[in-house]
Amino acid sequence: MIKNDLFLKALKGETVERPPVWMMRQAGRYLPDFMKLKEKYDFFTRCRTPELATEITVMPIHQVGTDAAILFSDILVVPQAMNIEVEMRPGVGPWLPKPIRDRKTLDQVIVPDVYEELGYVYEAIKMTKQELNDEVPLIGFAGSPWTIFCYCVQGQGSKNFDKAKEFCFTEPEMAHELLQKITDTTIAYLKGKVEAGVDAVQVFDSWGGMLSPVDYQEFSWPYIQQIIDALKEDIPVIAFGKGCWFALDVMAKSGATALGVDWTCSPRNARYLTGGNITLQGNFDPSRLFSPPKDIKRMVHQMIDEFGKDRYIVNLGHGILPNIPVENAKAFVEAVKEYKA
């Protein structure tokens, strides 16, 4: 039994004294101990070495005190497993030397044996579960098929993913073929995580908001729905679409256990759009962690009041930024722990 099961209780919709709290990207970036490891090992070495991934995953539990751990990894290990070359370039971020933009490159993309190609992730989960010793739950994650697709076609990060969208609108059949390959791989990958012992999974649709509401229902949501359908009987599934408030009503009917909300949607609107009876997660603006700790605490208490303490998981509206002071991240977590309804 997990000693601190607040996160799991909130997912089930049970009454709690206070909501649970964790932060997207909490394992790394802003923690000094993470930066020391970053100087020693390159990005994908950290992802592929179970001992390092475990150490990084557990760090924020001991140093910041969150109510759940999220496995240190990256959404782009999935395309790597699919025979797509992915590098992490300093100052550039993800770099894919051979973007998928024609039939020839698409035919080279495989649906892999996830246990063979991504076994290191499953090892990291088993090791992390041992290290956590049932203190808090462990979350596994994957990128949404659309978000992975954006990188695979664009070849790098982008402000508008224009090449990815162009491919959808000029070669829709090939676009859907690639999206389906990513979906099939992601389902197998997440099922492997469930077997390895994670307590919940989250699907990150970081670039969903790049699409219009109509295009979102063609190129992103149906593939996330396939993932939810494949996993919901086995494990709680959290769906998070950045900039996708327009789809919250559809998401709420999907069978997902909880929905992530970004900071551009008010708690009241999020509750209204989702019908008021699904667990929501979010939605503090990550940049607001630059505010003085006393202001952070006040705003966090206000946010909990607006969402309501039940069926709610306190989080940021996207990943924590690299230059946030650790004491501010701690103030965010402490504010939740000090909350009195």
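The following dialogue examines how several terms apply to this predicted model.

Modeller: In this predicted model, local features need pLDDT of at least 70 and side-chain atom pairs count only at pLDDT 80 or more, while totals for chains, interfaces and linings use all residues. Residues are numbered from 1 along each chain as its sequence is written, and side-chain values use heavy atoms, with hydrogens and water left out.

Biologist: Why is Val 198 called buried?

Modeller: Buried means under 20% relative accessible area, exposed over 50%, and partly exposed in between, with a 1.4 Å probe and protein chains only. Val 198 has a relative accessible area of 6%, so it is buried. Its place is in the loop between H11 and strand E5 (200-205); helices (H or I, at least four residues) and strands (E, at least two) are DSSP runs, numbered from the N terminus.

Biologist: What does Val 198 touch, residues up to four places away in sequence not counted?

Modeller: Contact means heavy atoms within 4.5 Å. By that rule Val 198 touches Ile 125, Leu 138, Ile 139, Gly 140, Lys 193 and Ile 235. Val 198 and Val 237 are 39 residues apart in sequence and 11 Å apart in space, C-alpha to C-alpha.

Biologist: What makes a set of residues a nonpolar core?

Modeller: The set must consist of buried Ala, Val, Leu, Ile, Met, Phe, Trp, Tyr and Cys residues joined through side-chain atoms within 4.5 Å. The largest such core has 127 residues, of which Phe 7, Met 23, Phe 149 and Phe 332 touch the most other members. Helix H11 (residues 172-196) gives the most to this core, with 9 residues. Beyond its neighbours within four places in sequence, Phe 149 is in contact with residues including Ala 164, Phe 167, Cys 168 and Ile 182.

Biologist: Why is strand E9 described as largely enclosed by the rest of the structure?

Modeller: In E9 (residues 312-316), 5 of the 5 residues are buried, so the description holds. Tyr 312, Val 314 and Leu 316 point one way and Ile 313 and Asn 315 the other way, and all are buried. In a regular strand the side chains alternate between the two faces of the sheet.

Biologist: How do you know that E8 and E9 pair?

Modeller: Two strands pair if DSSP finds at least two bridges between them. Strand E8 (residues 279-284) and E9 have 5 bridges, in the parallel sense. Asn 283 has Asn 315 in E9 as its bridge partner.

Biologist: What volume has the largest pocket?

Modeller: The largest pocket has a volume of about 1,200 Å³. Among its 41 lining residues, Arg 25, Arg 29, Phe 43, Asp 74 and Met 88 are the closest to its centre.

Biologist: Which element gives the most to the lining of the second largest pocket?

Modeller: H16 (293-307) gives the most, with 4 residues. About 210 Å³ of space lies in this second largest pocket, and Asn 283 is one of its lining residues.

How values were computed
On a 1 Å grid over the protein atoms alone, a cavity is a set of points where a 1.4 Å probe fits but cannot get out, and a pocket is an open set with protein on both sides within 12 Å along at least five of seven lines; lining residues have an atom within 4 Å of a point. Grid points are joined across faces, edges and corners, and a volume is the space filled by probe spheres set on the points.
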